Amino acid sequence: REIISDGKTGRLVTPGDHEALREAVLAMYEDPSMARRTAEAGRVRASEIFPASRMVDELEQLYASLLG
């Protein structure tokens, strides 16, 4: 939920709601251009929230804490 904006960067469905999941998957399958737009928006959003530099910094901090 923190990353996905329903209908913009992905689709959110209630856990266990198999019918909603089916509908979300079919919607993407039936509209490839929407699927591409959604995927690209999701990629951009993820790279904004989790840039490579942040991931490297956090990994270095983890290693440093483990090595004491």
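The model is predicted: local features need pLDDT of at least 70, side-chain atom pairs count only at pLDDT 80 or more, and totals for chains, interfaces and linings use all residues. Residues are numbered from 1 along each chain as its sequence is written, and side-chain values use heavy atoms, with hydrogens and water left out.

Start at threonine 9. Threonine 9 sits in the segment before helix 1 (18-30). Helices here are DSSP runs of H or I, at least four residues, numbered from the N terminus. Threonine 9 counts as buried because its relative accessibility is 13%; buried means under 20% relative accessible area, with a 1.4 Å probe and protein chains only. Its side chain reaches the backbone nitrogen of serine 5 at 2.7 Å. It also reaches the backbone oxygen of isoleucine 3 at 3.5 Å. Leaving aside neighbours within four places in sequence, threonine 9 is in contact (heavy atoms within 4.5 Å) with Ile3, Ile4, Thr38, Ala41, Gly42 and Arg45.

Next come two helices. The axes of helix 1 and helix 2 (residues 32-49) come within 5 Å and cross at roughly 105°. Axes are lines fitted to C-alpha atoms over the stretch in contact, and angles run from 0 to 180 degrees between N-to-C directions. The two helices are therefore roughly perpendicular, a term for angles of 65 to 115 degrees. Helix 1 contributes Ala27, Met28, Tyr29 and Glu30 to the contact, and helix 2 contributes Pro32, Met34, Ala35 and Thr38.

Last is helix 3 (residues 52-67). Its 16 residues should span 22 Å at 1.5 Å a residue, and its end C-alpha atoms are 22 Å apart, so the two agree. The expected span is 1.5 Å times one less than the number of residues. Just after helix 3, glycine 68 takes a positive phi of about 70°.

Notes. Buried < 20%, exposed > 50% of the residue type's maximum accessible area, 1.4 Å probe, protein only. Polar contact = N/O pair within 3.5 Å; in protein donor to acceptor, adjacent residues only side chain to side chain. Parallel < 35°, antiparallel > 145°, perpendicular 65-115°, else oblique.
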